[in-house]
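Trainee: I have a model open and would like to go through it with you. Can we start with a loop and work from there?

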Amino acid sequence: MTIVRIYLRPALAALIMLTVTTGVIYPLVVTGIAQAVFPFQANGSVLRDGRGQAVGSALIGQPFDDPRYFWGRPSATAPFPYNAASSSGSNLGPTNPALRKAVQQRVAALHAADAQNGAPIPVDLVTASGSGLDPHISPAAARYQAARVARARDISEQQVHALIMRYTEGRQLGMLGEPRVNVLELNLALNQR
């Protein structure tokens, strides 16, 4: 009986106390703070259309192939593109023939969608990110697509460039990363024109 009192009883008390603290109290406090301070992010950064319908997350890319929309960075996730449950890159090296073939196909698709565009294609339009879920493209990639989108929507290229400028996010804290454009946010803004 003394072994139970000396070793088991304190161990069970510590287990119960830590379970309640780390399994109940801590998650409730952190969730409450997140909901109070960052409700948009805490709820998945969900973007809505003009009717209030959820259309996606600002944190996860979506496939677009309609010429009326900006196209995002390709995704290498399996079994389908932008699969958030399977975040990964292709793991293909720069000399891998499969990567070269995929890039050539993406270049051909971009040329087919806008044969009049003779500008160099930005690399982020033909290569996947490390996560395969990147919702952003570079401002150069957005500008590359501006003429196609303007023609398909029968609006001026200046209007499209103004939207690109409006939705270009700067570097984080003014020094981290590169300027970027969230493709879903930009496409939602196009739909509201």
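Trainee: Where is N117 placed?

Mentor: This is a predicted model. In it, N117 sits in the loop between helix 3 and strand 3 (136–137).

Trainee: Is N117 buried or exposed?

Mentor: N117 counts as buried, because its relative accessibility is 14% and the cut-off for buried is under 20%.

Trainee: What does the N117 side chain reach?

Mentor: A polar atom of the N117 side chain lies 3.0 Å from the backbone nitrogen of A119.

Trainee: And which residues does N117 touch, not counting those up to four places away in sequence?

Mentor: H111 and Y144.

Trainee: Switching to T77. Which loop is that in?

Mentor: T77 is in the loop between strand 2 (54–57) and helix 3 (97–113).

Trainee: Buried or exposed?

Mentor: T77 is buried, since its relative accessible area is 8%, and under 20% is what buried requires.

Trainee: Which backbone nitrogen does the T77 side chain reach at 3.0 Å?

Mentor: That of Y82. A polar atom of the T77 side chain also lies 2.9 Å from the backbone nitrogen of N83.

Trainee: What else does T77 touch?

Mentor: Leaving out residues up to four places away in sequence, T77 touches Y82, N83, S86, S87, S88, S131, G132 and L133.

Trainee: How far is the C-alpha of T77 from that of G89?

Mentor: They are separated by 6.6 Å, with the two residues twelve apart along the chain.

Trainee: On to the core. Which residues touch the most other members of the largest nonpolar core?

Mentor: F70, I137, V160, I164, V181 and L186, out of 21 residues in that core. Helix 4 (139–153), helix 5 (157–166) and helix 6 (183–191) are the elements that each give two or more residues to this core. Helix 4 gives the most, with six.

Trainee: Take I164. What is I164 in contact with, leaving aside neighbours within four places in sequence?

Mentor: I164 is in contact with F70, A142, R143, A146, V181 and L186.

Trainee: Last topic, the largest pocket. How much space lies in it?

Mentor: About 400 Å³.

Trainee: And what lines the largest pocket?

Mentor: There are 16 lining residues, and F64, W71, G72, P74 and R106 lie nearest the centre of the pocket. By class, the lining has nine nonpolar, four polar and three charged residues.

Note on methods: Residues are numbered from 1 along each chain as its sequence is written. This is a predicted model: local features need pLDDT of at least 70, side-chain atom pairs count only at pLDDT 80 or more; totals for chains, interfaces and linings use all residues. Side-chain values use heavy atoms; hydrogens and water are left out. On a 1 Å grid over the protein atoms alone, a cavity is a set of points where a 1.4 Å probe fits but cannot get out, and a pocket is an open set with protein on both sides within 12 Å along at least five of seven lines; lining residues have an atom within 4 Å of a point. Grid points are joined across faces, edges and corners, and a volume is the space filled by probe spheres set on the points. Ala, Val, Leu, Ile, Met, Phe, Trp, Tyr, Cys and Pro count as nonpolar, Asp, Glu, Lys and Arg as charged, and the others, Gly among them, as polar. A nonpolar core is a set of buried Ala, Val, Leu, Ile, Met, Phe, Trp, Tyr and Cys residues joined through side-chain atoms within 4.5 Å. Buried means under 20% relative accessible area, exposed over 50%, partly exposed in between (1.4 Å probe, protein chains only). Helices (H or I, at least four residues) and strands (E, at least two) are DSSP runs, numbered from the N terminus. Contact means heavy atoms within 4.5 Å. A polar contact is a pair of N or O atoms within 3.5 Å; within protein, one must be able to donate a hydrogen and the other to accept it, and residues adjacent in sequence count only if both atoms are side-chain atoms.
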